[in-house]
Structure formats: structure tokens, C-alpha cells
Amino acid sequence: MQDDAMSAELDSPDASTMPSTGLSEILAPDLSVVFCGLNPALSAVRDGHNFSNPSNRFWRVLHLAGFTPRLLQADEERELLHYGCGLTSAVSRPTKSASELKRQDYLSTAPVLENKIRKFAPANLAFLGKAAYAAISLRADVEWGRQPETFAGAAVWLLPNPSGLNRAFTLTTLTEHYLELRLTL
């Protein structure tokens with residue numbers, strides 16, 4: 001992401017940025033929380049919207065946890081800004097599955113993510129899944145929930161990945177984890 005493009009976006013109350021994939025990041029200054037996916041899915045890039053695969057539970061979990069007053073569709077992603085929420089990803093390179101990413105992918109893009117979070121200054125950064133934060137923090141033993149350290153000035157949360165490929169968590173369990181964060185806002 002080019003610094004001049006990001007700086008120009010800071011002047012806009014509805015700031016969104018475009019990573020190299022062409023998939024919109026939903027960002028604005030001083031949000032309550034920015035949800036940070038591992039990387040865009042190929043289907044999201046194809047559809048032009050974050051979390052667009054019908055099997056992905058992101059939008060449903062956000063609504064059930066109370067981040068949004070109604071269930072948003074992927075093509076309504078910019079409405080997240082009205083609720084103090086934003087979206088970004090740790091790695092901008094799309095893949096069929098996040099399992100295709102390696103530790104080095106997260107480490108090499110960490111400075112870009114750090115710069116972005118410093119510029120937009122959200123109160124909380126919620127990593128969706130452990131892989132990105134474990135790599136960036138150089139810790140293998142990360143647990144779900146709020147982390148003891150901050151990242152670029154934002155409180156760090158680890159939430160389970162809502163991907164339809166992640167069946168280790170039921171919709172109810174996912175919602176409980178997301179609700180824990182929402183209740184702190």
C-alpha cells in the first residue's frame with residue numbers, strides 16, 4: 001500500500017483502501033475494532049467483497065455478537081464503518097486456503113500492517129485465527145481472547161477464524177468469542 005494513497009484516505013470519513021488484490025479494506029480513523037483476516041480468499045477477490053463465500057460465517061457472527069444491528073451481506077461491507085468496525089488482512093495475497101500461507105508471509109507483511117494500524121489508530125485489532133499473530137509476535141503459545149501486549153497501539157484480540165473451512169468452532173462458540181470482545185467496547 002502506498003503511503004500517499006493511505007494518507008489521502010485519512011481525510012475521508014468513509015476511508016477505505018485498496019490492497020494490491022483490488023479487494024477493499026474497510027478502514028477509517030479511530031474505529032472501535034478492525035477485524036484482521038489472515039488473507040483474502042480467492043472467492044472474495046472474484047466477488048469483490050470480503051467474506052463473500054456463503055459458507056463463511058463472518059457476517060452472521062458479527063450480527064449475533066451484536067456488532068451490527070442486522071445481518072449484513074458481503075456487498076454491504078462498508079456499512080461496518082457506521083458501527084465502528086473495519087476490515088483488513090494480514091497478508092494481501094489471495095489463496096484458496098489460508099493454509100497455503102507460511103510464517104514468512106506474515107512476517108514480511110507485518111510492517112505494512114503495523115503502519116496501517118498506527119495510521120488509522122483503532123482501539124482494538126482482532127486477528128481472525130491464530131496463525132498471523134503467532135507469527136508476527138514470534139509466540140507459538142497464543143490463546144484466544146485479549147492478548148497481554150498491543151500491536152501498533154491497538155489492543156490485540158485473537159478470535160477464531162469464521163471460515164467455512166474451520167469446523168473446529170460451531171456458530172455458537174464463534175459467537176461467544178466475538179461477544180467477549182464486543183462487550184468490552
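Which residues form one aromatic cluster? Here are some notes on that and on the rest of the chain.

1. **The cluster, and what you are looking at.** Phe35, Phe51, Phe58, Trp59, Phe67 and Tyr178 form one aromatic cluster. This is a predicted model, in which local features need pLDDT of at least 70, side-chain atom pairs count only at pLDDT 80 or more, and totals for chains, interfaces and linings use all residues. Residues are numbered from 1 along each chain as its sequence is written, and side-chain values use heavy atoms, with hydrogens and water left out.

2. **The layout.** You'll find six helices and seven strands in the protein chain. Helices (H or I, at least four residues) and strands (E, at least two) are DSSP runs, numbered from the N terminus. Reading from the N terminus, the order is α-β-β-β-α-α-β-α-β-α-β-β-α. Of the 185 residues in the protein chain, 50% are buried. Buried means under 20% relative accessible area, exposed over 50%, and partly exposed in between (1.4 Å probe, protein chains only).

3. **Helix α4.** This one covers residues 103-120, 18 residues in total, and spans 25 Å from first C-alpha to last, close to the expected 26 Å. The expected span is 1.5 Å times one less than the number of residues. There is a bend of about 45° at Ala110, and Pro111, a proline, follows within four residues. The bend is the angle between axes fitted to the seven residues ending at a residue and the seven starting there. Buried residues in α4 include Asp105, Tyr106, Leu113 and Phe120.

4. **A buried lysine.** Lys116 sits in helix α4 and is buried, at a relative accessible area of 5%. Its side chain makes a polar contact of 2.6 Å with the side chain of Glu25. A polar contact is a pair of N or O atoms within 3.5 Å; within protein, one must be able to donate a hydrogen and the other to accept it, and residues adjacent in sequence count only if both atoms are side-chain atoms.

5. **Aromatic pairs.** The whole structure has nine of them. Rings of Phe, Tyr and Trp (its six-membered ring) pair if their centres lie within 6.5 Å; planes under 30 degrees apart count as stacked, over 60 as edge-to-face and the rest as tilted. Take Phe127 and Phe151: their ring centres are 6.1 Å apart and their planes are at 80°, so this pair is edge-to-face. Phe127 is in strand β5 (residues 124-128) and Phe151 in strand β6 (residues 145-151), so the pair ties together parts that are 24 residues apart in sequence. Phe127 is buried at 1% relative accessibility, and Phe151 is buried at 9%.

6. **Trp144 and its partners.** Trp144 and Phe169 have ring centres 5.5 Å apart and planes at 85°, so they also pair edge-to-face. This pair links distant parts of the chain, 25 residues apart: Trp144 is in the loop between α5 (131-137) and β6, and Phe169 in the loop between β7 (154-159) and α6 (171-182). Trp144 is partly exposed at 28%, whereas Phe169 is buried at 15%. The charged end of Lys130 also sits over the Trp144 ring, 4.6 Å from its centre. For that label, NZ of Lys or CZ of Arg must be within 6 Å of the ring centre and within 35 degrees of the ring normal.

7. **Cysteines.** Cys36 is buried at 1% relative accessibility, and Cys85 is buried with a relative accessible area of 1%.

8. **Positive phi values.** Most residues other than glycine have a negative phi. Asp30 has a positive one, near 60°; this residue lies in the loop between β2 (25-26) and β3 (33-37) and is exposed at 62%. Ala152 has a positive phi near 55°, lies in the loop between β6 and β7, and is buried at 12%.

9. **Contacts across the sequence.** Ala135, in helix α5, is buried at 5%. Ala135 and Leu107 are 28 residues apart in sequence, with their C-alpha atoms 6.4 Å apart.
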